[in-house]
Amino acid sequence: MGLTFQSTGKNSMKDMFKVERADNKYIVALAGNPNTGKSTVFNSLTGLHQHTGNWPGKTVTNARGEFSYKEKDFILVDLPGTYSLFASSVEETIARDFICFGEPDAVVVVVDATCLERNLNLVFQVMELTDNVILCINLIDEAKKKNIKIDAKRIENELGVPVVLTAARNNEGIEDLKETLCVLLKDGVNPNKKRISYTTSIEDLVENLKPICEENVPFINSRWLSLRLIDGDTSFFNSMSQYIDKDTLEKLIIDSKKITSNIDKEKIREYITEENYKYAEYIKNQYVKQDNKKFSKDAKIDDIITSKKFGIPIMLLILALIFWITIEGANVPSQLLAKALFSFENVLTNWFNKINAPAWLHGILVLGLYKTLAWVISVMLPPMAIFFPLFTLLEDLGYLPRVAFNLDHLFKKACAHGKQCLTMCMGLGCNAAGVVGCRIIESPRERLIAIITNNFVPCNGRFPTLIAISSVFFAAAVKSTGKIIPAIFVTLMVIIGVIVTLLVSYALSKTLLKGVPSSFTLELRSLQKTSSRKNIIYIPNRQNHICSNEGYFSCRSCWCTYMDTR
Ligand SMILES: Nc1nc2c(ncn2[C@@H]2O[C@H](COP(=O)(O)OP(=O)(O)OP(=O)(O)O)[C@@H](O)[C@H]2O)c(=O)[nH]1
Ligand SMILES: [Mg+2]
């Protein structure tokens, strides 16, 4: 069920922010939208191996690493991806709370160079919250491929925070980033740092609230806190109750109510978000240029592999090909492994006989434990060793998000979440991995459905059994063709697995899980904004947004990231 305050307890949540501040070590947080390459930047800087992959929501808790540069020591904290500091999921809360309460010396906001406009909302929010901010525009290699030109110097002048261009996967710009960090921590904040100004009435409210904030919670930026009191960010105040004492929080709320009692907080919140997006659009129009020719080439490929006509057939073909390679390719190593491991069984038996071990001990250790282990290893290891690298290849090519896109319509009809198809793909390799992967689904009901139904996807440990069963059922086909093609039967089983999953998901959501909150029921705001990428509409002050692609695709949570993936 992922991490929750309830499941992990207040104190263990607090532990996430406890970074031992050793002498002369700077704490640097890596924040950013999901899938922008934060963990890749983290790995490049620290030499560690945080999990990376081409889909959002991989990092679900803070990871820490250290590096040194020019005799300065840094503790780097890789935060989960977040679209905004108005946190709406546990991962977003972890990221937001670390920036607020973890007291980092600097925050590096990693953004995706190929969709800068969308990422800037978070940058502005972080800039509002804390002073030492570096904007790291990553994936600059991808931007170049798409003929996107970003004028980093002018963005730096505009925002008043250092801007570094990186292609973290190739280690490009990483030295620059280290240097910039050093300079920022040595020279301090640029006094001309950009601050988005709001209407006079909001600015007046902020000025009135600032002294109250400074008096009660001096360690949080008073302008930022005043704005949250004005726009009524309840999620943040829930978090605050974990870190500051009850009386202080109550006093802050009571004092502020005198000033904020007659305002429409919802409206102000939407207005503030809209201003942020307007400014992001302005920056994009001024400092980002794109030649659409190259971009349209990618879009054409996208159009084919996600089209109504070809999307599903192409997906089935690719799936069948992967099974074919996995099953056929695993045959030989499986046999070799079985031969080697089972011949060792005889050695063990001889050895047990030699020492006159009792039959029951031989039975338990050799015929039971060892033989089972030998079977499991020889049957499961080779297909896994083939399937997972192939799966990773699809992930890195960005095909998996397209699979999710193609199947979203179906999943939506079954009251399930589109991301479930990724956890099901994972389940093909191993159901345990699939179930663990369900933590990427934010909404409780869909996550529970995905966990419960993952078992209907045949994991590759069950392939041999499936093939054996298939051979019995399709004996006639075997007779007429002379042989069966296991990959086809496994693909069939997978299709049956998907159908059963959808039916059970629907049944569960209509019966047992009826009362559990769902992402579909989350209110969609009227304030929407069309992004630079056609067909994508944001509802910016939430993680929720709708993607509309010729009217047949609508999405929830961070879905449109899929459309934007490389
Ligand atoms: N081409 C290219 N790919 C990159 C670069 N940086 C990261 N990637 C790829 O982008 C994908 C996402 O990278 P991650 O580091 O996992 O992203 P993240 O921001 O940590 O993602 P979450 O933890 O899910 O929020 C991976 O497939 C990376 O290999 C880059 O500079 N260039
Ligand atoms: Mg990550």
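**Reading the model**

Reply: The chain comprises 23 helices and 11 strands. The model is predicted, and 41% of the 566 residues of the chain count as buried. Of the contacts in the chain with a separation of 6 or more, 68% join residues 24 or more positions apart.

Me: How should confidence be read, and what is the mean pLDDT of the chain?

Reply: Where pLDDT is low, the predicted coordinates should not be read in detail. Here the chain has a mean pLDDT of 77, with 78% of its residues at 70 or more. For the complex, the predictor gives an ipTM of 0.98 and a pTM of 0.65.

Me: In which strand of the chain is confidence lowest, and in which is it highest?

Reply: Confidence is lowest in strand β9 (residues 529–530), with a mean of 32, and highest in strand β7 (residues 163–165), at 96.

Me: Over which residues does pLDDT stay under 50?

Reply: One such stretch is residues 1–14, for which the model has 17 contacts beyond four places in sequence. Another is residues 519–566, where pLDDT is below 50 and the model has 104 contacts beyond near neighbours in sequence.

Me: How is a helix pair read; at what angle do the axes of α15 and α17 cross?

Reply: An angle over 145 degrees counts as roughly antiparallel. The axes of helix α15 (residues 359–397) and helix α17 (residues 420–429) cross at roughly 155 degrees and come within 9 Å. Therefore α15 is roughly antiparallel to α17.

Me: Which residues of α15 and α17 meet?

Reply: From α15, Met384, Phe387, Phe388 and Phe391 meet Cys425, Leu428 and Gly429 of α17. By class, this contact of α15 with α17 has 6 nonpolar residues, 1 polar residue and no charged residues.

Me: What is phi of Asn356, and is Asn356 buried or exposed?

Reply: Asn356 also has a positive phi, near 55 degrees. Asn356 belongs to the loop between α14 (311–354) and α15. A residue with 12 or fewer other C-beta atoms within 10 Å counts as exposed; Asn356 has 6, so Asn356 is exposed.

Notes:
Residues are numbered from 1 along each chain as its sequence is written. Chains are lettered from A and ligands numbered from 1 in the order in which they are written. This is a predicted model: local features need pLDDT of at least 70, side-chain atom pairs count only at pLDDT 80 or more; totals for chains, interfaces and linings use all residues. Axes are lines fitted to C-alpha atoms, for helices over the stretch in contact, and angles run from 0 to 180 degrees between N-to-C directions. Helices (H or I, at least four residues) and strands (E, at least two) are DSSP runs, numbered from the N terminus. Angles under 35 degrees count as roughly parallel, over 145 as roughly antiparallel, 65 to 115 as roughly perpendicular and the rest as oblique. Two residues are in contact if their C-beta atoms, placed from the backbone, lie within 7 Å. Ala, Val, Leu, Ile, Met, Phe, Trp, Tyr, Cys and Pro count as nonpolar, Asp, Glu, Lys and Arg as charged, and the others, Gly among them, as polar. pLDDT is the predictor's confidence in each residue, from 0 to 100. A residue is buried if 20 or more other C-beta atoms lie within 10 Å of its own, exposed if 12 or fewer, and partly exposed in between; C-beta atoms are placed from the backbone.
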